[in-house]
Amino acid sequence: MTSKPSASVHAPILVRVTHCSPQHADILHAQGTHQNNNEKRGWCHPPFTLGYDFAGIVADVCPGAVEGDDHGLKKGDRVFGASIGAFAEFTSVKAATVRKVPRGVSSEAACAMAGQAVSYAAVVHVARVRKGETALISGASGGLGSACCAVAKAVGARVVALAGDERKAEAMRRDMGVDVVVMDEERHWIDEVKRLTDGKGVDVVLDNTGMVNPAIQSLAYGGRIIVLGFAARKGKMEAVKMNRLLLKSATVTGYRFGESGRQSPEKLEEIWKGYLGMMESGELKPILYGSYKGLEDIGRALGDLEARKVYGKIVVKISDDEEKPKL
Ligand SMILES: NC(=O)c1ccc[n+]([C@@H]2O[C@H](COP(=O)([O-])OP(=O)(O)OC[C@H]3O[C@@H](n4cnc5c(N)ncnc54)[C@H](OP(=O)(O)O)[C@@H]3O)[C@@H](O)[C@H]2O)c1
């Protein structure tokens with residue numbers, strides 16, 4: 001008979017994982033190419049358990065938990081969060097890394113949204129997207145990109161989403177209710193973005209893939225670009241044409257969610273409040289992709305993500321989200 005692991009004072013909340021969700025960073029971690037794996041500056045070195053985003057049930061709260069660090073969590077609470085080690089039956093986490101699943105939201109949906117508070121932060125706090133503006137979102141079929149689309153729509157912006165192929169674009173038009181432009185190597189897609197904005201260009205670009213040069217070309221005068229990720233760059237960064245920034249009076253802002261939360265915990269709380277509010281009100285719903293079950297399906301899930309088959313979020317069901325009867 002195997003016994004359940006127990007929580008430790010350092011990671012005082014033990015969660016029985018019911019769902020987990022792979023994201024781009026998991027692929028980088030699996031390949032050892034994420035910035036966190038850097039030998040000198042990184043903190044994540046083998047052996048470690050892969051995975052960030054999860055939802056689950058609190059199985060144990062360490063009695064020695066740091067006072068004020070338990071967020072009022074108790075055994076049996078449904079929680080979700082993002083913390084390394086999520087592709088497992090149990091994960092031991094700091095209380096600050098989990099939140100209670102909002103009322104009316106399924107554990108599956110919460111898991112899909114666990115790592116996407118960055119979308120709310122980027123759209124509302126960093127880009128300050130306003131009603132009536134047009135936002136262009138790259139990597140819009142991805143986990144972060146699809147959440148950015150939903151938040152931008154919720155604040156009243158018009159969204160132009162970029163997709164890698166027509167199959168995904170069709171599904172995104174249907175399920176996300178956004179304009180979708182399919183990218184092509186010759187960059188005719190920039191003309192299409194211009195056409196959709198009557199030649200003016202977009203007010204804001206939320207860049208998840210690493211495309212600042214084409215973002216500048218797609219931008220209206222005085223527009224802003226928020227750099228969120230480099231999903232398409234395979235570690236090779238762009239050289240940005242600075243003269244084009246000047247000519248457009250454009251602003252480029254980088255945003256790193258994890259670090260900004262560490263630097264400014266009060267701001268982080270404000271972000272979570274707004275994000276959870278949008279989830280509770282139903283303004284923010286994940287797009288769920290495919291059907292995946294059990295830890296043995298994680299490899300297939302990561303493979304599908306890497307092959308760019310996915311639009312929205314894969315959620316892998318690990319166990320039931322109701323307590324099993326004792327007998
Ligand atoms: N700034 C932050 O704090 C923060 C937080 C979380 C994540 N991120 C970063 O944001 C980016 C997106 O993360 P995610 O979890 O949303 O990833 P994801 O679910 O894998 O989505 C990435 C999307 O990028 C597009 N893409 C274009 N070229 C690609 C390529 N060569 N390889 C892979 N994807 C490509 C894909 O859409 P198409 O196939 O339709 O083109 C894909 O759907 C990543 O770089 C991640 O590290 C940043």
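Visitor: In which loop does R187 lie?
Guide: The model is a predicted one, in which local features need pLDDT of at least 70, side-chain atom pairs count only at pLDDT 80 or more, and totals for chains, interfaces and linings use all residues. Residues are numbered from 1 along each chain as its sequence is written, and side-chain values rest on heavy atoms, with hydrogens and water left out. With helices (DSSP runs of H or I, at least four residues) and strands (E, at least two) numbered from the N terminus, R187 falls in the loop between β8 (179-182) and α6 (188-196).

Visitor: What is the relative accessibility of R187?
Guide: R187 has a positive phi, near 65°, although it is a residue other than glycine. Buried means under 20% relative accessible area, exposed over 50%, and partly exposed in between (1.4 Å probe, protein chains only). R187 counts as partly exposed because its relative accessibility is 40%.

Visitor: Is R128 buried or exposed?
Guide: R128 sits in the loop between α3 (117-126) and β6 (134-137), and its phi, near 50°, is again positive in a residue other than glycine. Most residues other than glycine have a negative phi. Because its relative accessible area is 54%, R128 is exposed.

Visitor: What is the omega of the peptide bond that joins P46 and P47?
Guide: P47 belongs to the loop between α1 (24-31) and β2 (53-61). Most peptide bonds are trans. The bond that joins P46 and P47 is cis, with an omega of about -5°.

Visitor: Which residues touch the most other members of the largest nonpolar core?
Guide: A nonpolar core is a set of buried Ala, Val, Leu, Ile, Met, Phe, Trp, Tyr and Cys residues joined through side-chain atoms within 4.5 Å. The largest has 75 residues, with at least three drawn from each of domain 1 (13-115 + 286-317) and domain 2 (117-258). The members that touch the most others in this core are F80 and L206.

Visitor: Which backbone oxygen does the side chain of S146 reach?
Guide: S146 is part of helix α4 (residues 143-154). At 10% relative accessibility, S146 counts as buried. At a distance of 2.7 Å, the side chain of S146 reaches the backbone oxygen of G142.

Visitor: How far apart in space are A215 and I225?
Guide: A215 is placed in helix α7 (residues 212-218) and is buried, with a relative accessible area of 0%. Although A215 and I225 are 10 residues apart in sequence, their C-alpha to C-alpha distance is 7.2 Å.

Key: Domain bounds come from an automatic or database domain assignment. A polar contact is a pair of N or O atoms within 3.5 Å; within protein, one must be able to donate a hydrogen and the other to accept it, and residues adjacent in sequence count only if both atoms are side-chain atoms.
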